[in-house]
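Here is a walk through one chain, from its overall layout down to a few single residues. Have the sequence and the model open side by side as you read.

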Amino acid sequence: MALSSNCWKYLVLTFNVLFAMSAVVLFGASGFLLYRLFVYRHFIGVNVEYPAILLLMMAIITCSIAWIGWRTAKSMHQIHVIMAGLLILLVVVIEFVCFVWAMVVWDNIEIDIKTTMTAYFLETSTKETNPDSIRWDRLHVKFECCGVSGPADYSSTGHVPFSCCGQGPLDSIQKPYTADCTTVYQRGCGNLLHVYAKEQLLFVAMVALIASVIQSTGIFCTFFLAHAIKEKWRASIRTSTIARESTFAAPDDSLLASPTAPAQTLPKY
């Protein structure tokens, strides 16, 4: 039984090393996906980023739980090992919830993006020299699009920005445009940004699902270790009980059968 518990101990220690490594990978992947959504937060809304934010937080927490799991596995205390297993279970459940959440947002993102982009366009279309107009310029150049539905969105303003031709500001000081716009992008940015956001959310969902499936193996390893510790403790109790019973069951008759004991003699009268 001691060998079995030691095997589970080293298996759990190995898992915690891999658990910490997966947390680092999860941190990098979720941070990258969060950045790709964050740069377009004014167009797609902040609620689209929440699954990626939750996944990033879980990556940070996972590193701490990996350290706790390492310490508990080395201590070989059953209650501590069970607590570490419950923490891993909580992480896996939250990551699976993140997967479900990302898929729900992925399914409803089309309506949210169109509403957010239209409201933002109406708010900023008349402004030409502020950060909002620069954001629209970068969006037009990046996706080779114009407005929300097309260049007709700018009919109320009387002019189409040069970024709809792929030409942005001359420098970071936001100097006026000086290029001639001959070919205007005819497709709107709404559908393109919708496809882009759905791709990022799908990546978030897949990362969360893969992380929860891989890390769930640690739950079984940890609880098997706790069971092995319990069985080892029971075996030691049985061994000590048997040894104690055998000690009291065999009385010491050595004095009665001792050859050096003086022989009894009859009294002399």
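## Contacts and overall layout

Take the contacts between residues at least 6 apart in sequence: 77% of them join residues at least 24 apart. Keep in mind that this is a predicted model. The chain has 7 helices and 0 strands, so the run of elements from the N terminus reads α-α-α-α-α-α-α.

As for burial, 36% of the 269 residues in the chain are buried. The chain exposes about 16,200 Å², with carbon and sulfur atoms supplying 67% of that area.

The largest nonpolar core holds 25 residues, and the ones with the most contacts inside it are Phe 43, Met 117, Trp 136, Leu 139 and Leu 193.

What does Met 117 touch, once residues up to four places away in sequence are set aside? The list is Phe 43, Trp 136, Leu 139, Val 148, Cys 189, Gly 190 and Leu 193. There's also a second, separate core of 24 residues, which includes Ala 66, Ile 88, Val 91 and Val 92.

Gln 200 is worth a click. This residue lies in helix α6, which covers residues 189-215. Is Gln 200 buried or exposed? With a relative accessible area of 2%, Gln 200 counts as buried, because the cut-off for that class is under 20%.

Leaving out neighbours within four places in sequence, Gln 200 is in contact with Leu 33, Arg 36 and Leu 37.

Trp 67, Ile 68, Leu 87 and Leu 90 make a nonpolar surface patch of about 380 Å². The helices that give two or more residues to the patch are α3 (50-75) and α4.

Leu 90 is found in helix α4. Its relative accessible area is 49%, so Leu 90 is classed as partly exposed; exposed would need over 50%.

## Transmembrane annotation

Which stretches does UniProt mark as "transmembrane region"? The unreviewed entry places this feature at residues 12-38, 50-70, 82-104 and 201-226.

Look at residues 82-104 in the model: the span is 100% helix and 0% strand. Its end C-alpha atoms lie 33 Å apart.

## One salt bridge

How many salt bridges does the model have? The count comes to 1. The side chains of Glu 144 and Arg 187 form a salt bridge, at 3.9 Å from N to O.

Definitions and conventions:
Residues numbered from 1 in each chain as written. Predicted model: local features only at pLDDT ≥ 70, side-chain atom pairs only at ≥ 80, totals over all residues. Heavy atoms only, no water. Helix = DSSP H or I, 4+ residues; strand = E, 2+ residues; numbered from the N terminus. Buried < 20%, exposed > 50% of the residue type's maximum accessible area, 1.4 Å probe, protein only. Contact = heavy atoms within 4.5 Å. Core = buried A, V, L, I, M, F, W, Y, C linked by side-chain atoms within 4.5 Å. Patch = residues over 30% accessible without salt bridge, like charges linked within 9 Å, V, L, I, M, F, W, Y side chains within 5 Å. Areas by Shrake-Rupley, 256 points an atom, 1.4 Å probe, with all protein chains shown as cover. Salt bridge = Lys/Arg side-chain N within 4 Å of Asp/Glu carboxyl O. UniProt positions renumbered as here; feature names shortened; annotations may be inferred.
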